[in-house]
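Here are a few exercises to work through with the model open beside you. Try each task before reading its solution.

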Amino acid sequence: MMDPPAALTAEETRTLDTALNLGEAQARAALPGARFPQAAARALALGRPHLTLEWTGEPLLLAAAHLRLGRPDAALSTLSGLPDTARPALLRARAALQGGTPDALAQATHARTLARADGDGGALVAAATLLAEHHLRAGAHHEALRTLAEGLKVAEMTGQPADPHLLAILAHAQKPLNSRKAAATAAKALDRSDPGSPARVLALLALDRPEDAHAQAQRGSLAAAWWEPFAELVSAARPPATTPETDGTEADG
């Protein structure tokens, strides 16, 4: 049996991160081609899903990259034949949400059940985040908060910082209930997020910075399916603009 390829060295990782933040061409030139498979996950984390598709044949990474680009059918094709365990189930559930599949919520719930059974903390956090997205799209903010609490508990039990994507979704759940708390949560998500990631885009939206959010989405080739529903939620929650004739002062007393 062949040994698995060696991981990138610390120096290679620093070089790659710098190149990835500059652009795809720079990233291709940063490493020998033989090292690309080890760099594929880092490329995805730093918002370069096209490079991930070029550099790996690993089904879960390929599916995740397709989903970043808003290609649910391609993601499902990549996942075909994989077992019904937590990680593939999560990606299938995300594809179902992007594709508007009627049982998308049931698939997300199933993925959470598998994550619990597998004892997979990372998958459980991702499942809680995905389920909370469903609840927010349905206007069920309190249900979203209850769902996210399980993901926060995982971080507490493992002594790890809370996942930035979960925090970004949490900020949107908090926003209509406590805007100050939501802004603090979104700031944490922004600080911990990677460039071009869903977490960064959603955190910026929660902070009412739509132009910056759109720029980050473009930088990370992030499909609108990840952020457009939240842009609409933020817009719906914003109070209507007043006119000079009705500036609201009289009603405020």
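**Exercise 1. Describe how helices H9 and H11 pack in this predicted model.**

Solution. Start with handedness: H9 passes H11 in a left-handed crossing. Next, take the geometry. Two packed helices are described by the angle between their axes and the distance between the axes. For helix H9 (residues 121-137) and helix H11 (residues 164-174), the axes cross at roughly 25° and come within 9 Å. Angles under 35 degrees count as roughly parallel, and H9 is therefore roughly parallel to H11.

Now look at who touches whom. H9 contributes Val125, Thr129, Ala132, Glu133 and Leu136, while H11 contributes His165, Leu166, Ile169, His172 and Ala173. Sorted by class, this contact has six nonpolar, three polar and one charged residues.

**Exercise 2. Find the angle, axis distance and handedness for H1 and H3, and classify the pair.**

Solution. Helix H1 (residues 10-22) packs with helix H3 (residues 36-45) at an angle of about 45°, and their axes are 10 Å apart.

On the H1 side the contact is made by Leu16, Asp17 and Leu20, and on the H3 side by Ala39, Arg42 and Ala43. The class count for this contact is four nonpolar, no polar and two charged.

**Exercise 3. Is Thr52 buried or exposed, and which residues does Thr52 contact?**

Solution. First locate the residue: Thr52 sits in helix H4 (residues 49-55). Its relative accessible area is 0%. Buried means under 20%, so Thr52 is buried. Setting aside neighbours within four places in sequence, the contacts of Thr52 are Ala40, Ala43, Leu44, Leu61, Leu62 and Ala65.

**Exercise 4. Where does the pLDDT fall below 50?**

Solution. Begin with the whole chain: the mean pLDDT is 90, and 91% of residues reach 70 or more. The pLDDT is below 50 over residues 240-253, and beyond near neighbours in sequence this stretch has one contact in the model.

Definitions and conventions:
Residues numbered from 1 in each chain as written. Predicted model: local features only at pLDDT ≥ 70, side-chain atom pairs only at ≥ 80, totals over all residues. Heavy atoms only, no water. pLDDT = per-residue confidence, 0-100. Contact = heavy atoms within 4.5 Å. Axes fitted to C-alpha atoms, helices over the stretch in contact; angles between N-to-C directions. Helix = DSSP H or I, 4+ residues; strand = E, 2+ residues; numbered from the N terminus. Parallel < 35°, antiparallel > 145°, perpendicular 65-115°, else oblique. Left-handed = near helix turned anticlockwise from the far one by under 90°. Nonpolar A, V, L, I, M, F, W, Y, C, P; charged D, E, K, R; others polar. Buried < 20%, exposed > 50% of the residue type's maximum accessible area, 1.4 Å probe, protein only.
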